[in-house]
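Good morning, and thank you for joining this group meeting. Please have the sequence and the structure open as I speak.

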Amino acid sequence: MTSGFFGGDSGDPGGLPRRESLDHGGAVGQLPPAPFGDRPEPYDAVLTPVRAAMADLRLRVPGVRGSVMAGVDGLLVTYDLGPEVEPHDLAALAATTFGLGRQVSLVLGQSPFRDATMRNEGGYFTVYAVNGNTLLAVLGSDGLNVARLHLEARPTCQHLAMLIH
């Protein structure tokens with residue numbers, strides 16, 4: 001094992017610390033309590049409708065490469081991604097994006113965080129608030145129509161909020 005980007009122990013060089021490798025004051029591998037109860041594993045059958053809604057968003061919006069659902073604490077809930085992207089890393093990045101967006105809205109006296117989009121040379125990373133504890137992060141290619149993504153993703157987030165209620 002090597003030290004990850006943020007100094008944590010990770011299973012791959014340069015990766016973020018993995019949930020199972022973090023020490024939370026107890027035995028190594030013991031997880032802290034989740035902010036909204038016990039979380040199922042990312043491919044637990046109870047999350048099948050959630051993954052279906054995420055896959056539907058990917059199929060409806062050309063250029064969407066996949067998505068992750070994460071807690072605001074950065075822990076992965078579930079994902080709809082290909083093997084080229086590490087879902088735990090995107091979950092952590094989603095929480096970081098949320099934290100920055102939340103601080104911006106507080107400092108500027110604006111409404112609570114709703115969404116944030118980052119554009120890079122190779123594509124887009126957009127984070128939406130599903131509810132107060134959960135985020136949807138969408139990874140898009142460079143040709144993604146961001147306006148179309150926003151039109152489709154906001155109702156998807158409302159649907160996801162009902163599914164995880």
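The protein chain contains three helices and seven strands. What we are looking at is a predicted model. Along the sequence, these elements follow the pattern β-β-α-β-β-α-β-β-β-α. The chain has 165 residues, of which 41% count as buried. Among the contacts with a separation of 6 or more, 47% are between residues 24 or more positions apart.

Let me turn to the sheet. Five strands form an open sheet in the order β4-β3-β7-β6-β5, and the pairing is antiparallel. At the edges stand β4 and β5, the latter covering residues 115-120, and each of them pairs on one side only. On average, and ignoring direction, neighbouring strands of this sheet are turned by 15° against each other.

Strand β3, residues 64-71, pairs with β4 in the antiparallel sense over four bridges. Which residue of β4 is the bridge partner of serine 67? That partner is aspartate 80. Methionine 69, in turn, has threonine 78 as its bridge partner in β4. The two strands form a hairpin with four residues between them, and in the turn glycine 74 has a positive phi of about 90°. Although β4 is an edge strand, four of its five residues, 76-80, are buried, so this strand is largely enclosed by the rest of the structure.

The residues Val50, Arg51, Ala53, Met54, Ala55 and Leu57 of α1 are buried. Against what do the buried residues of α1 pack? They pack against β3, β4, β7 and α3.

Helix α3 has 18 residues, which should span 26 Å at 1.5 Å a residue; the end C-alpha atoms are 25 Å apart, in agreement with that value. Its buried residues are Val146, Leu149, His150, Ala153, Thr156, Cys157 and Leu160. The cover over these buried residues includes α1, β3, β5, β6 and β7.

For α1 and α3, the angle is about 170° and the axes are 10 Å apart. An angle over 145 degrees counts as roughly antiparallel, and α1 and α3 are therefore roughly antiparallel to each other. On the α1 side, the residues that meet α3 include Pro49, Val50, Ala53, Met54, Leu57 and Arg60. On the α3 side, they include Arg148, Leu149, Glu152, Ala153, Thr156, His159, Leu160 and Leu163.

Next, the nonpolar cores. The largest has 20 residues, and those touching the most other members are Leu57, Tyr128, Leu136, Val138, Leu144, Leu149 and Leu160. The elements giving two or more residues to this core are α1, β3, β6, β7 and α3. Helix α3 gives the most, with five residues. A second, separate core has 16 residues, including Ala70, Leu76, Val85 and Phe113.

Leucine 144 belongs to the largest core. Leaving aside neighbours within four places in sequence, leucine 144 is in contact with Val61, Pro62, Gly63, Val64, Tyr124 and Leu149. Glycine 143 lies in the loop between β7, residues 134-141, and α3, residues 146-163. Is glycine 143 buried or exposed? With 68% relative accessibility, glycine 143 counts as exposed.

Finally, I come to α2, residues 87-108, where threonine 97 is found. Threonine 97 has a relative accessible area of 7% and is buried. Not counting residues up to four places away in sequence, threonine 97 touches Phe113, Ala116, Met118, Phe125 and Val127. Of these, Phe113 is also a member of the second core.

Thank you for your attention.

Methods
Residues are numbered from 1 along each chain as its sequence is written. This is a predicted model: local features need pLDDT of at least 70, side-chain atom pairs count only at pLDDT 80 or more; totals for chains, interfaces and linings use all residues. Side-chain values use heavy atoms; hydrogens and water are left out. Buried means under 20% relative accessible area, exposed over 50%, partly exposed in between (1.4 Å probe, protein chains only). Two strands pair if DSSP finds at least two bridges between them. Contact means heavy atoms within 4.5 Å. A nonpolar core is a set of buried Ala, Val, Leu, Ile, Met, Phe, Trp, Tyr and Cys residues joined through side-chain atoms within 4.5 Å. Axes are lines fitted to C-alpha atoms, for helices over the stretch in contact, and angles run from 0 to 180 degrees between N-to-C directions. Angles under 35 degrees count as roughly parallel, over 145 as roughly antiparallel, 65 to 115 as roughly perpendicular and the rest as oblique. The expected span of a helix is 1.5 Å times one less than its number of residues.
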